[in-house]
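Trainee: I would like to go through this model and ask what stands behind the words used for it.
Mentor: Go ahead.

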Amino acid sequence: MHSITTYWWKYYLASFFSILVIGIVVSSLNINLPYFFLIQIGLVFGLWYLISPIIMILVFKMRRASQDITLMVEELSKKFNVKLSKIYIINDNFLNAFAFGNIIFRGIAVTLPLYESLTQEELAAVLSHEIAHIKNYDPEVMLLTIFSINSIYAALIYYLPLVSLFFLIIYLVILLPLVFYVHRKIEMRADLTAVKFNPEITYWLESSLIKIGYLSRSIPTNMLRYVLPIQILLAKEFIVNNTVDRKGVLSFRTHPSLRERLLYLSQYEKQKMYYI
Ligand SMILES: [Zn+2]
């Protein structure tokens, strides 16, 4: 069993080495065109973009999901008018789901414990968030962000090598936090796209976020499915009233805080959280 961080490190390493190999091949091309190096950079990232879903599938050891999840995704994708995605299951011990892929191939992956700890309604809400990422072209937005920021950095170093230490500080303090800032914005947008499209799922998205981000710390994953609505409600009250967000643009978080997400989602709630 691995933690999610181990997987991301493996993914970054695999991406780094594939970019290196593609880079060596592409740099051996010698065509006499002005600014050909720019075309070469584009070619390296473009080729990596094409093979990146294969790297994801291999690194996370994804298997095709069972019929019931596949049918659910097919139905949801149709509703969202998104080109059908392949759906995978990851057999490891963390609660997570993500959308990945490129224009040609779209994939959504769910970990087995996440599948086991959510109700059907909650699973549909989480999958709607993932489909919203695809609908909003978020994998492309992230790739373009990372690509532009690294190009800016490379250009600065190339033209003003004498102050490269200064640019490294700029990179760490401004450019890199900008990547995480964009990531948090697209996460929020995916939540909102999903609930604006179907406000009925708002409650279920909130309860799945509470289970993933809060209750899973104290309740074993195989019991999470049986958590009562009153427990979800109390947990929500606690998170909203008793946790503090460390605000600031200079943050390396990929998602808005749980509190922030619950607060903006609450505005779209049709179905109240009160069952008492
Ligand atoms: Zn997301």
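Mentor: Before the record is quoted, note that UniProt annotations may be inferred rather than shown by experiment. Note too that this is a predicted model.

Trainee: Which residues does UniProt list for "transmembrane region"?

Mentor: The unreviewed UniProt entry lists residues 12-31, 37-60 and 165-182 under that name. In the model, residues 12-31 are 80% helix and 0% strand, with the end C-alpha atoms 30 Å apart. For residues 37-60 the values are 96% helix, 0% strand and 33 Å between the end C-alpha atoms.

Trainee: Why are α6 and α7 called roughly antiparallel?

Mentor: Helix α6 (residues 138-159) and helix α7 (residues 164-197) pack at about 170°, with their axes 10 Å apart. Angles over 145 degrees count as roughly antiparallel, and α6 and α7 are therefore described that way. Their contact includes Val-141, Ile-149 and Leu-156 of α6, and Phe-167, Leu-175 and Ile-186 of α7.

Trainee: How do the residues of the contact of α6 with α7 divide into nonpolar, polar and charged?

Mentor: There are 16 nonpolar, three polar and one charged.

Trainee: What makes a set of residues a nonpolar core, and which have the most contacts inside the largest one?

Mentor: The members must be buried residues of the nonpolar kinds, Ala and Leu among them, joined through C-beta atoms within 7 Å. The largest such core has 43 residues, and Ala-109, Ala-124, Leu-127, Ile-201 and Leu-205 have the most contacts inside it. Helix α5 (residues 120-135) gives the most to this core, with eight residues. Leaving out residues up to four places away in sequence, Ala-124 touches Met-72, Leu-76, Ile-201 and Trp-204.

Conventions
Residues are numbered from 1 along each chain as its sequence is written. This is a predicted model: local features need pLDDT of at least 70, side-chain atom pairs count only at pLDDT 80 or more; totals for chains, interfaces and linings use all residues. A residue is buried if 20 or more other C-beta atoms lie within 10 Å of its own, exposed if 12 or fewer, and partly exposed in between; C-beta atoms are placed from the backbone. Helices (H or I, at least four residues) and strands (E, at least two) are DSSP runs, numbered from the N terminus. Two residues are in contact if their C-beta atoms, placed from the backbone, lie within 7 Å. Axes are lines fitted to C-alpha atoms, for helices over the stretch in contact, and angles run from 0 to 180 degrees between N-to-C directions. Angles under 35 degrees count as roughly parallel, over 145 as roughly antiparallel, 65 to 115 as roughly perpendicular and the rest as oblique. Ala, Val, Leu, Ile, Met, Phe, Trp, Tyr, Cys and Pro count as nonpolar, Asp, Glu, Lys and Arg as charged, and the others, Gly among them, as polar.
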